[in-house]
Amino acid sequence: MNVQPVQDLPEFATWLNAPPTTLTELRGRPVVLAFVNSASVWCAQRLADLAQWQSRNPGKLQLLIVQVPRFDCERDPGQALKLLRRQGVTAPALLDSDWDGWRRFNVTAWPTLVLLDAQGRERDRLVGVGGELERALNALCEDGARVADNDLSLARELHPEPRLPLLFPTALVVTTERLYIADSGHHRVLECSHGGRVLRQFGLGTADFMDGGPGEAAFHRPQGLALEREWLYVADTGNHALRRIHLLSGQVDTLCGTGRPGEPTEGVVEQPRQTALNHPQGLAVADNQIHIAMAGDNRIWSYHLGQRSLKWRAGSGAIDERDGSGHVAAFAQPTSLAAVQQVLYVCDALGSSIRAMQLRGDLVQTLVGQGMWSFGEQDGPRTLAQLQYPQAIALSPDAPLLWIADAGNGRLRTLRLGGGELSTLELPRRLHGPAGLALGGGAVWIAETDAHAVLRFDPVSGVLSDVPITE
């Protein structure tokens, strides 16, 4: 075990939400340096595990988050902080935009936790999402030293998010009369008029995992929606569960998931209510099945509504961009789905790509994407076009057109299916982290996630307008 004093934090790092400090100033208290990438759900899960431990052990250590960018958009301090806050992160965070801290501490993978004792010496490190986190943190704090009252994590955050009706909204569903919003940061789903008036709220608005009626049910960071007749299906990402809302009664129940992250077993899962999921994020309904983009295990799963069974359809589980049939293929954090005519379209966030999966045979092909570490803003033929960290897709009901929320570039893009080109829509301004799309009523509805807003875009007139959400 290395117990030598370590180097200090990078001198020119940008502190995102707390006043600058150094490891030297933090001597006398245990410190955990969490090297993460804010775009990664694996890092999000590691930070959630840390937060749970801290809630059970208040004041025992100081957590510092070191955000190391993968995408160009994450080099912007504002966007990096927004991505962390989408996950509920409030711990002090700094931006290691040039990977200086990464090199100083010899980090090789996201996420990595470097555990420093009260003397500033490295006592342990945990790489990836494995390892015995509870044991390692307990051992680090075994001397009983407590963090001082002026602990950074207790200080008020700098540049807090504004208090608005929505907080990091994601998925949208539009019908002829209604607009449904996954109000992720407020842990609820809203039913609104097209004008934005809130008609009903599903979920208490606090992070929890409970079924029941309108005054009982609770969600935790819901991020995906799909509508089928009188049922609204919800990817309850923070609870690692597939839920549904009966729109006639308002009753919420759980179809899959235990509330904790894990990977379902291979083959047909006959009791999905007792099996763990891993960050379900995108949903689409086709062939009497709910298709699930499982961002945490890089796979596509399908829940059969009639048989009430769950099945692993495609993706090896590795983070990669590989075409092929079923389990031979590989995805890189799939986040959104759209289905039409026996084809499931997949928005692959970390691969900056759009994939297509044949529902008969599960053959996966890449439509746009130049490889795992290739991203950009180029329009044109699919073999040359580029995206950056796309977050949502939606299909046009009257044209072979796929709409794309290109979050990393702050753009609304379209891909003409059947061999067409990728194009960028001319909007009055760039969008702030769009992570939800829906088409209906002659408009494109956009969840402008980082601005806590919903927008309505008219493709005919080119008008982009706010939808004022009023409760």
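Reply: Strands β15 and β19 run antiparallel and are joined by 2 bridges. In this predicted model, valine 268 stands opposite lysine 311 in β19. The pair belongs to an open sheet of 5 strands, in the order β15-β19-β18-β17-β16, with antiparallel pairing. At the edges of the sheet are β15 (268–269) and β16 (280–286), each of which pairs on one side only. Strands of a sheet pair through backbone hydrogen bonds, either parallel or antiparallel.

Beside its pairing with β15, β19 pairs with β18 in the antiparallel sense over 5 bridges. Here tryptophan 301 stands opposite tryptophan 312 in β19. The strands β18 and β19 form a hairpin with 4 residues between them. In that turn, arginine 308 has a positive phi of about 55 degrees.

The next step along the sheet leads from β18 to β17. Strand β17 holds residues 289–294 and strand β18 holds residues 299–304; they pair in the antiparallel sense over 6 bridges. Within this pairing, isoleucine 290 stands opposite tyrosine 303 in β18.

Another antiparallel pair is formed by β13 (residues 241–246) and β14, with 4 bridges joining them. Arginine 244 stands opposite aspartate 253 in β14. The two strands make a hairpin with 5 residues between them, where glycine 250 takes a positive phi near 80 degrees. Strand β14 (residues 252–256) is mostly covered, with 4 of its 5 residues buried.

Strand β4 spans residues 93–95 and contains leucine 95. The relative accessible area of leucine 95 is 2%, so this residue counts as buried, the cut-off being under 20%. Leucine 95 and alanine 13 are 82 residues apart in sequence, yet their C-alpha atoms are 5.8 Å apart in space.

Now for a helix. Helix α1 runs over residues 41–56, which is 16 residues. From its first C-alpha to its last it reaches 23 Å, close to the 22 Å expected at 1.5 Å a residue. Serine 40 caps the N-terminal end of α1, with a side-chain oxygen 3.2 Å from the backbone nitrogen of tryptophan 42. Among the buried residues of α1 are Val41, Leu47, Leu50 and Trp53, and also Gln45 and Arg46.

The structure holds 1 cavity of 30 Å³ or more, and the largest cavity has a volume of about 60 Å³. Its lining includes Cys73, Gln79, Arg86, Tyr389 and Asp450. By type, the lining residues of the largest cavity are 4 nonpolar, 3 polar and 2 charged. The second largest pocket has about 360 Å³ of space. This pocket is lined by 16 residues, of which Arg85, Glu157, Glu161, Leu167 and Phe168 are the closest to its centre. The lining of the second largest pocket divides into 7 nonpolar, 4 polar and 5 charged residues.

Conventions:
Residues numbered from 1 in each chain as written. Predicted model: local features only at pLDDT ≥ 70, side-chain atom pairs only at ≥ 80, totals over all residues. Heavy atoms only, no water. Expected span 1.5 Å × (residues − 1). Buried < 20%, exposed > 50% of the residue type's maximum accessible area, 1.4 Å probe, protein only. Polar contact = N/O pair within 3.5 Å; in protein donor to acceptor, adjacent residues only side chain to side chain. Pairing = 2+ DSSP bridges. 1 Å grid on protein atoms, 1.4 Å probe; cavity = no way out; pocket = protein on both sides within 12 Å on 5 of 7 lines; lining within 4 Å. Points joined across faces, edges and corners; volume = space filled by probe spheres on them. Nonpolar A, V, L, I, M, F, W, Y, C, P; charged D, E, K, R; others polar.
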